[in-house]
Amino acid sequence: MMCRRLILLVLMLGIAATSAQAAVVISSVAHRNTDSDATEDPQIGNPLADGELTFVDRVHVYMDMPDYLIGADYVMTANDNKNWSAYELDITFSRPATLFVFVDNRMGGAAGGLDVAPNIDGMSWLTDMGFIDTDDDIGIDEGADGGINQYYSIFALDVSAGTVTIFGNTEGHGGNMLGVAAIPRTPDFAAYNPVPEDGGTDVVRTTSLSWTPGAYAGAHNIYLGTSFADVNDATTAVQTGLDVNSFAPDRFEFGQTYYWRVDEINATPDRTVFKGDIWSFEVEPYSVMVPVDVSKATASSFSPMNPPEMTVNGSGLDGMTHSTVPEAMWLSAAADSSPWLMYEFDQTQKLDQMLVWNANSTSEGFVGWGIKDVNIEYSLDGVEWTALAESPQMARAPGNATYDAPQAVDFGLARAKYVKINILTNWGGLLPQYGVAEVQFFAIPTVARTPNPASGTQGVDPRTDVLSWRAGREAGQHDVFVSEDANALGSAHTVLDNRLALSSLNLSLGTTYYWQVDEVNDAMVPSTWTSDVWNFSTPSSLVVEDFERYTNLSPDRPFQTWLDGYGYSADEYFPVEYPGNGTGAGIGHDIWSPSSPQFNGSLMETASTAPGSSQSMPFYYGNSGGVASQTSRTFASPQDWTIGKAKTLSIAIRGQAGNSGTLFAMINNAKMSYAQGLDSALWHYFNIDLSSVNTNLQSVTKLTIGIDGSNASGMILIDDIRLYPEAGPVDPGSSGLPLIAWVSFHGDDTMPSAAAADAGFTEAPDKAYTDLLTANGYEVMRYVTTNAPDADVLSAVDLVIISRSVASSGYQDAGASAWNSIATPMIITDGYTTRSSRMGFTAGDTIPDTAGDITLKVNNPSHPIFAGIELAGGTMVNPFAGVVVYPTDGTTVARGISVNTDPINVDGTLLATVATTGDPAVGGMIIGEWQAGAALIHTGGGGTDTLAGDRLVFLTGAREANGISGDTAGLYDLYDDGATMFLNAVAYMLRP
């Protein structure tokens, strides 16, 4: 078996040799506004080379590429976004790079072919961003058969570290138009990733400067000043020959903009100096504006349309300029004989100044409501008042829309919770009525602010995360209070820096904590300034191993961490080979043997994973000679498995038919066995009660997983290994309730897909359906949508429901045949998957969306699905479903149900159609039924399928809003009668 590892090494050497230059250029990618048929997440591919996949949803590969692109990082997007004008792709770069965009030479109606320039009129962003045509082309082999079918033109742009957004084609042209790659900017000698970031604002005046060194830097010269030209032209550094990539200057001046550069000096022997870019940042201001939402305004009186709140809500202000709109100001009642304005803050402020925009209506020039002579007071309690040492006369406003010169009132850092403006006169001098447009207060930031993690953050890891905050400016120490009770924060944890490690607090998992910071300086009055109360929540479990980081490339191959019986060869990352542990364990699929089903594929398993996971680890075993097969991971640093008050270690496993043997786990040297067999195709959980484990759980150095049993053999998949505060997850089907597989983009109720999370979702958009099922006595197991369903898994459940939140492209051609071959009864809620171009339940592809509330015409009122539904003449009296609003913002309206209006397949029974007159989908099928054995015809090469099980089409779930990812489709849209019918349909399909 060692020879197979050697073959793998040989296969990978060419890639590894080229990948070193670019492996860290693109650190992440994300997209928005996908076509509903192209929602697959973009992926960072292997280092670019001839034969690498072009798209995530096609077999196309790159060919005939220029030498400078070999080994580049590149991104695979979904081909079906090729004509989607709203598409946006975010690419995050870890260092300065050259970004390449590949544009199909057929773009914009051009003829295509080698050296034929595309028409990029519909991609104006290319030229707007500064991309230039390199005059080079790259080939595309659409069938992966060695021939070049199309050519792309290569456009290039130098970019800095950070996130760059590129876009789609505004003309909607159907060409395969977009590819992306990047290489480090050449030459890669300059410093990059400045901290503070270039153009940063509100930078703490004690901040140290840091950067990422150039590839060959041996030392660094620092230039710093307040003039771009001076820093750019300077030849004398403020610090020379630094051997670290950070520099701590003296305190910066408040509000000042600074410029700086880092010149990199090559290591010996040449000592070449490479001048750096000029970066800038702006230092925090001396005082900051007191937020308007903590300033309560009252007055002696006010006119009905001009309450005192108008002076602190920003109305009428545009930057520093105030309008002449009368309703955007305060105006006292007529004949107010003792006028005043008073402001109350939510807590004591150390006031620097107050800005006052006087009354500024167009009548101000001849009426003169604006205040003139005043007496300003401040107070800590609203009872005892202190007069300001000098209350200036308030300047008269000009009464025009260019008023941008507010009166500044110096408070000299007075401590105040209340400020009162006693008004003595106005500028008119005749009418006893007074007005003010806007008031702003500026204070020294003495209170802790800007908590990190932000208040409300979930999933905060008690092992590694740290509480930090923007410190109050005069704090000598920080007293931090953390508690489960917001009203009883307990004792203080005193720190001298503005951070507190959560590992020091013995927190519990699955708990919300409240925290507050007192900034303390005993030499000041007052000595304590108290922050707001913030909160965070710890996760319900902690990851020990999620198997997400493993790839086909060293040093991240799974068997290089989870040691097995076959070992691995020496390479640049592992100078000494590992000969194996002497057992029959083999980690990872066999991807190097031509006869293997996984040849040229992935070492990790991606088709079958635990809920919420994207890959699992295959463990092949074959016991002989009385030796148990086992794999072990030794942790680089001892792990404390008591943090979070963990009580259970859970290991997700999936077996297969024919497996034998007994699973065990060893924590350090303490061994525990799994009582169940290993032949189930469903994911199960090996839950270990940590209180029964005889080892030091505060110093776990090794975890072993193995199979006992003479001559035992087989393969299991291992996925998420987690710590839980109570019992671990329960096995699917163990409840005794009917088990439903809910097929969706989202593998877990609380874990939306990446695209849905980008759209603002914190849980699966279709969760309301699984909640409805669970509340009505069903057990639901989420199953991630795929074009290759696992028949072993789906045959182990009682019912399959394909949700609206799927990509219909997974249900066409071979995918359609695969889903039609599942014998388990199935409900299909997505009209796009039922089309003739997909699974074949209809005779066409016409599919409008419903436009509002709909009722249904029922063809067979006695059918069990319609039990309890009030009908009149065969039509529902009450509505079935409506159009819904996105919960992420409460305003974005989703589209309706996507309904096929073509005739249904001849073997089906039409049960209900849209009855609402004038609706775009009127007459289209909402509910239809097919029995096992029915013949479905679908186009695209799939041919005719014979249904292996009963099917019910029951369309429900909103279509995603225009311009928002298709992963957000499937929002719950049923009214009460619709929900009753849905539950009736589930019960009907589960009938004996």
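Buried means under 20% relative accessible area, exposed over 50%, and partly exposed in between, with a 1.4 Å probe and protein chains only. The structure is a predicted model in which local features need pLDDT of at least 70 and side-chain atom pairs count only at pLDDT 80 or more, while totals for chains, interfaces and linings use all residues. Residues are numbered from 1 along each chain as its sequence is written, and side-chain values use heavy atoms, with hydrogens and water left out.

**Exercise 1.** State what percentage of the chain is buried, and describe its extent.

Solution. Step one: of the 992 residues in the chain, 53% are buried. Step two: along the principal axes, the C-alpha atoms fill a box of roughly 95 × 90 × 70 Å.

**Exercise 2.** Count the helices and strands (DSSP runs numbered from the N terminus: H or I of at least four residues for helices, E of at least two for strands).

Solution. The chain has eleven helices and 59 strands.

**Exercise 3.** Find partners of Ile 927 in contact (heavy atoms within 4.5 Å).

Solution. Leaving aside neighbours within four places in sequence, the partners of Ile 927 include Leu 856, Phe 866, Leu 910, Phe 954 and Met 981.

Terms used: Contact means heavy atoms within 4.5 Å.
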